[in-house]
Amino acid sequence: MVGLFRMLGACLLLSPALAAAQINMPRGVTPISQEIYGLHMYVIWIVVGIMAVVYGVIIFSLIRHRKSKGAVAAKFSQNNLLEIVWTVVPLIIITAIAVPSIRVLINMDDYDAADLTVKITGHQWKWQYQYLDYGVGFFSTLSTPMAEVVGDGEKDEWYLLEVDEPLVLPTDRKVRFVVTSNDVIHSWWVPELGIKRDAVPGYMYEAWARIQEPGTYRGQCAELCGVNHGYMPIVVKAVPPQEFDEWVAQRAKAPPLVETPSDWTLSVVMKRGAALYDQNCAACHGYDGNGMPPTFPALRDSSIATSTDVNRHIDLVMNGVPNTAMQAYAPQLDDEELAAIITYERNAWEHDTGDLVLPAQIQARRK
């Protein structure tokens, strides 16, 4: 028994180290995440105490009443005291767990007096963020190069956990999240914030956070949502309030009129288009353009990418294909990005159409 208690003491001392090593759940950087962590550890130690008592009694009984010492099993059919004990003790344990659990659940649902509201929409396979109080919104997409995904490049520290646009939030302000989905069920999960909310089409689920420390906090979609479920990470960048105000003011500025950049040449656009294709299209249509038919058709040698009707190609990328996995990219990408991707698709994989799509052509096709 002495050895058992020594082991429990060692576990207690090691619990912060276990959390740092990601063996235990993280303490997090929000009041709710820290309450959840505290509740988790509280229940764990109750369970450890129960285990110590139960196994202690078993070990004591095995040693003290073993047959080699001539122990004879007692025979009895009823013991009122024991029945009262094993009814009352579990009731006390359940109550001891239920009361703090209910308190944490109530605090998790405190959505009043938020300083800002962010609408989060899950898409196959990216996240859309809209700052409802500021009129700012954007899509956040995996930025890990497809060369790393297919094994042609060396994987870095944040493989499949990096995005082009992180969700920027202020510290020390109460942020309300409303979470939904545009297609299938997703789940927005950031452990350090203590938030995991399912994104269900047609429903809005709420969560809130008050981030106490600046930093970058990462998460993932926690609901199997399709073949590229592993390609929709979450990155939250927490910054001081003044820095957030400057950032959101900059993002809220009206975009400039579309003009063709002076360096808009085929070689330059192809390089940019390749990077954007890897980021937005390769997960479905393949790094090599061969796709995964029939769900994700090949672009290599397709009639869309090689036809002389460039507008047909532009319209398909911008407006998507109803009732398929092909999304509309007009609200997700700007005119230059769309022009670069379409130019790349029309000249990659030995298509060599020579077409150089201009941002003005994309603007003209917007409806």
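Modeller: The structure holds 9 salt bridges, each a side-chain nitrogen of Lys or Arg within 4 Å of a carboxyl oxygen of Asp or Glu. This is a predicted model: local features need pLDDT of at least 70, side-chain atom pairs count only at pLDDT 80 or more, and totals for chains, interfaces and linings use all residues. Residues are numbered from 1 along each chain as its sequence is written, and side-chain values use heavy atoms, with hydrogens and water left out.

Take aspartate 110 and lysine 174. Their side chains form a salt bridge, 3.3 Å from N to O. Aspartate 110 lies in the loop between helix H3 (80-108) and strand S1 (116-123), and lysine 174 in the loop between strand S4 (167-170) and strand S5 (175-181), so the pair ties together parts 64 residues apart in sequence. Helices (H or I, at least four residues) and strands (E, at least two) are DSSP runs, numbered from the N terminus. Lysine 174 is buried at 5% relative accessibility. Aspartate 110 is partly exposed, at 33%. Buried means under 20% relative accessible area, exposed over 50%, partly exposed in between (1.4 Å probe, protein chains only).

Arginine 173 pairs with aspartate 245; their closest N and O atoms are 3.0 Å apart. This pair links distant parts of the chain: arginine 173 is in the loop between S4 and S5, aspartate 245 in helix H5 (residues 241-252), 72 residues apart. Aspartate 245 is partly exposed, at 32% relative accessibility.

Another salt bridge joins aspartate 335 and arginine 366, at 2.7 Å from N to O. Aspartate 335 belongs to helix H10 (residues 335-347), while arginine 366 is in the segment after helix H11 (359-365), 31 residues apart. Aspartate 335 is buried at 10% relative accessibility; arginine 366 is partly exposed at 30%.
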